[in-house]
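Reader: Could you walk me through this one while I have it on screen? I'd like to begin with the aromatic side chains.

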Amino acid sequence: PDELRDLELLVVDGVASASAAEWDLLAALVGRARRTRVHLPFFPERPDACAAAEPLLRRLESLHDVAARREIDVVLPRLEGDGRAPRVAALLAVLGGGRAPAAAAAAAGLVLAEAGAGEAGEPAAVARVLARLLDGGIAAADVALVSPAPRRAAAALAAACAESGIPLATGRGPPLAEAAPVRLVLDALAAAPSLDRTHAERLAASTYLSPAPLPGGIPPADALRRRAAGLSSPSAAPERGALERAAAGLDALAAVVRPLSGAGTGRAHAARLAAFVESAGIRRRAARAPRDVAVRDLEALSALDEALEGLARSLALVGRGAEVLPAAELRALTALAVEGAALPPPPEPAAGAVELWGLDEAPGLSARAAVVAGCARGAWPPAPAPEPLLRDPERHAVNAALRRSSLAVGGARRAEATFRAFSAAAAGREAVAFVWPAPGPAGDGGPLAPLVADALAALGLPGPPPPAPDPELARARTVREALRAVGRDPL
């Protein structure tokens, strides 16, 4: 574009790594800008924790020809700088290894760990920490909430914060796969090859597909007709008629979902599912619901159309757009596309609220206070996702043949996970809080992550307390706490 031909100032912020194509683009932009300022989230005092960001730093340092003609500033953060409190700086110095400075426990700043009663109680623990920070004078907009699974935790965190009167902007809607009409479409897709009893019961019980649900506990149509034929007495005529009507309904149901069982291209598959939604009356019946339910369901169907369109485009980009795929592969790809999609977020505060961030967004994040959720043993830092195609020996062999680090190996992925966890803690300048699901009534949860527990011990801070008991009725801050108090201590 013309506006990128001669840049006056280029600012790069929050970028910690770059693929080969991304680096080519970044280098081209740096070469066109008269001045470039790069804010790289690499702490020189902790190169071990920031090893994942070092390759980008070395690449920037190698731009000697561009630096001779252009002005390039690489700004690195410091542990004891940027308005960071001494105790928080000490935490970053010791987190994941290192030595804490003297008298770190008595220094200014807030570092704490809060336990929730199991996974269900972790959102309430996050709300308690946020309430403490807000009561201490920190504005909601100056608090960053970091979660390793923000999309999955968004609804529970929003509910807990709403009960405590804390404004929270998650920026994430519920998963698309949880929407009722989308679950129905996936069930119909799974039932298309063979409408057995399990699939028939699930489809027949849906009001999106049939105006009146078929009787529950029904076997397939042939078994229904055989049972009806065995009822020959006049007194059994009503039951025989009901069985015949149920069998006819099953035949109609099978006829509706049967077209979904064929092979085809990605675009033809998307068109078939769209035609099924219209011909089965799913969209029409969704629009007849109460206004809030209808809006939610219609948004889900629109998001499903977008996910299927994105699947067709992705297949075309990898050169498989015209390939006829078998039905089983289309079903698996559809489930994968739906799993990665989400509904639009609900109405949320546009400003003046705590913001929810993912762990992959933590590098470069900065706020007065940071609350890091999900800090349980074995879950923080999150383990790298397993590689389905190549194991580490094959990846090392490919890198050796290419004489460069083309494929990430296990060590690099673990370093990336540690760097993101370190960046989440570094996001808070004055206060850092770690929240984790301790063992709760449901038997889930676990101890605090060793990375955090060792850092607290090195700072001389007290160990994490057990989950706080439910308050008495007079001290209850939410309706849920009040109801539990009344149930525990009836008046």
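**Rings, core and sheets**

Reader: How many aromatic pairs are there?

Author: The count comes to two aromatic pairs, where rings of Phe, Tyr and Trp (its six-membered ring) pair if their centres lie within 6.5 Å, and planes under 30 degrees apart count as stacked, over 60 as edge-to-face and the rest as tilted. In one of them, the ring centres of F43 and F422 are 5.5 Å apart and the planes stand at 80°, so this pair is edge-to-face. Please keep in mind that this is a predicted model, in which local features need pLDDT of at least 70 and side-chain atom pairs count only at pLDDT 80 or more, while totals for chains, interfaces and linings use all residues. Residues are numbered from 1 along each chain as its sequence is written, and side-chain values use heavy atoms, with hydrogens and water left out.

Reader: Which parts of the chain does the pair of F43 and F422 tie together?

Author: F43 lies in the loop between β2 (33-39) and α2 (54-61) and F422 lies in helix α16 (residues 410-426), so the pair ties together parts that are 379 residues apart in sequence. Helices (H or I, at least four residues) and strands (E, at least two) are DSSP runs, numbered from the N terminus.

Reader: And is F43 buried or exposed?

Author: F43 is buried, with a relative accessible area of 5%, and F422 is buried too, at 2%. Buried means under 20% relative accessible area, exposed over 50% and partly exposed in between, with a 1.4 Å probe and protein chains only.

Reader: What about the rings of W380 and F434, how far apart are their centres?

Author: The ring centres of W380 and F434 are 5.9 Å apart with the planes at 70°, so this pair is edge-to-face. W380 sits in the loop between β8 (367-372) and α15 (392-402), whereas F434 belongs to strand β9 (residues 428-438), so to speak a link between distant parts of the chain, 54 residues apart. Both W380 and F434 are buried.

Reader: What is the peptide bond from W380 to P381 like?

Author: That bond, from W380 to P381, is cis, with omega near -5°, and P381 is found in the loop between β8 and α15.

Reader: Which residues have the most contacts inside the largest nonpolar core?

Author: They are W380, F422, F434 and W436, in a core of 62 residues. A nonpolar core is a set of buried Ala, Val, Leu, Ile, Met, Phe, Trp, Tyr and Cys residues joined through side-chain atoms within 4.5 Å. Apart from that core lies another, of 30 residues, among them A188, V257, F276 and L304.

Reader: What does W380 touch, leaving aside neighbours within four places in sequence?

Author: With those neighbours left out, W380 is in contact with residues including L359, V372, C375, A421, F434 and V452, where contact means heavy atoms within 4.5 Å.

Reader: Switching to sheets, what is the strand order in the open sheet of six strands?

Author: The order is β4-β9-β8-β5-β7-β6, with parallel pairing; two strands pair if DSSP finds at least two bridges between them. β4 (110-117) and β6 (168-169) stand at the edges with a single partner strand each, so one side of each is left without a neighbour in the sheet. Five bridges join the parallel strands β8 and β9, and A369 has A431 in β9 as its bridge partner.

Reader: Which strands does α16 lie across?

Author: α16 lies across β5 (143-147), β8 and β9, running at about 125° to β9. Axes are lines fitted to C-alpha atoms, for helices over the stretch in contact, and angles run from 0 to 180 degrees between N-to-C directions.

Reader: And the open sheet of three strands, what order does it have?

Author: Its order is β1-β2-β3, with parallel pairing. Here β1 (7-13) and β3 (71-75) are at the edges, each with a single partner strand, so one side of each is left without a neighbour in the sheet. Neighbouring strands of this sheet are turned by 10° against each other on average, direction ignored. Helix α1 (residues 20-32) lies across β1, β2 and β3, at about 130° to β2.

Reader: Finally, how many helices and strands does the protein have?

Author: The protein has 18 helices and nine strands, and buried residues make up 40% of its 491 residues.
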